[in-house]
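Have the structure open as you read.

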Amino acid sequence: MMKNREKEREDAVKQRQREAEEKKRRTLAMYDSMAKSAPAGGPKTMDINIYKEGKPGLDEKSVVAQPQRDLVEESIRERQKEADERKKKILAGFDAAAKSGASQAVKQTGVNQNKVSARSKFQQMDAVNVSQQGNKTSNFQAPRVNRSASDIKEMLLQWCRSKTKEYENIDIQNFSSSWSDGLAFCALIHHFYPDAFDFESLNPKNRRHNFGLAFRTAEEKADISPLLDVEDMVLMKKPDWKCVFTYVQSLYRHLRDRD
């Protein structure tokens with residue numbers, strides 16, 4: 001329906017442009033004929049029929065073609081520009097948070113990381129963060145092992161997969177395209193609040209509704225700030241992974257203790 005409306009609006013704009021060009025052509029033809037009706041300084045005669053009947057009074061080569069403006073396309077580009085500006089502001093505020101996750105992800109055990117579950121890894125990270133906050137006044141510095149950003153991302157992806165594994169057609173492989181239709185957000189929220197909405201009724205093509213439903217439910221049920229903008233997500237076929245990563249981190253912090 002949106003595409004049809006946009007096409008109708010675009011056709012209407014083009015039609016008005018064609019009518020305006022035709023009026024302009026007829027007006028110029030009429031005045032050109034009037035200018036040629038008598039020598040310079042003599043009485044001029046205006047033939048209004050040239051305008052009414054659209055008789056060609058000008059050489060087509062003498063009329064400079066005006067570039068046609070696609071108002072719909074200009075509007076889309078303007079919205080895209082505004083979305084990019086909002087995205088830059090979000091990234092400026094949360095990029096540091098995404099990067100700090102890697103520098104703060106430390107552990108104090110010698111357990112083989114390949115044999116530890118995603119939940120255990122996150123619990124270790126949380127325990128270390130609490131321990132570090134409690135030892136701020138101490139002169140003793142516990143040994144820390146920094147984790148890479150890719151490790152943090154993979155652990156968070158594993159947590160998301162574990163919470164959405166019972167949902168069909170939900171395959172979370174990254175923090176960009178896997179979230180593009182909004183269903184991954186809905187599935188993650190629905191896992192913790194199954195009575196909030198009917199997940200089976202959702203359509204992957206209705207992206208705007210899915211994003212709005214997920215962000216609104218997370219805010220109402222778990223007091224999670226909507227760090228992502230619905231309009232931005234709809235415009236981007238591949239969401240910016242940093243924005244999604246930061247929001248999913250917020251979901252994890254608020255929902256990890258509900259299971």
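## Helix packing and aromatic rings

H6 and H7 run roughly parallel to each other (angles under 35 degrees count as that). This is a predicted model, where local features need pLDDT of at least 70, side-chain atom pairs count only at pLDDT 80 or more, and totals for chains, interfaces and linings use all residues. Residues are numbered from 1 along each chain as its sequence is written, and side-chain values use heavy atoms, with hydrogens and water left out.

The helices are DSSP runs of H or I, at least four residues, numbered from the N terminus. H6 passes H7 in a left-handed crossing, with the near helix turned anticlockwise from the far one by less than a right angle. Axes here are lines fitted to C-alpha atoms over the stretch in contact, with angles from 0 to 180 degrees between N-to-C directions. Contact means heavy atoms within 4.5 Å.

| Item | H6 and H7 |
|---|---|
| Axes | within 8 Å |
| Crossing angle | roughly 30 degrees |

On the H6 side, Leu-183, Phe-185, Cys-186 and Ile-189 make the contact; Phe-211 and Phe-215 are among the H7 residues involved.

Now the rings: there are twelve aromatic pairs, meaning Phe, Tyr or Trp (six-membered ring) centres within 6.5 Å. Tyr-167 and Phe-199 have ring centres 4.8 Å apart and planes at 70 degrees, so they sit edge-to-face (over 60 degrees). Their positions are 32 residues apart in the chain. Both Tyr-167 and Phe-199 are buried, i.e. under 20% relative accessible area with a 1.4 Å probe, protein chains only.

Note on methods
Rings of Phe, Tyr and Trp (its six-membered ring) pair if their centres lie within 6.5 Å; planes under 30 degrees apart count as stacked, over 60 as edge-to-face and the rest as tilted. Helices (H or I, at least four residues) and strands (E, at least two) are DSSP runs, numbered from the N terminus. Buried means under 20% relative accessible area, exposed over 50%, partly exposed in between (1.4 Å probe, protein chains only). Angles under 35 degrees count as roughly parallel, over 145 as roughly antiparallel, 65 to 115 as roughly perpendicular and the rest as oblique.
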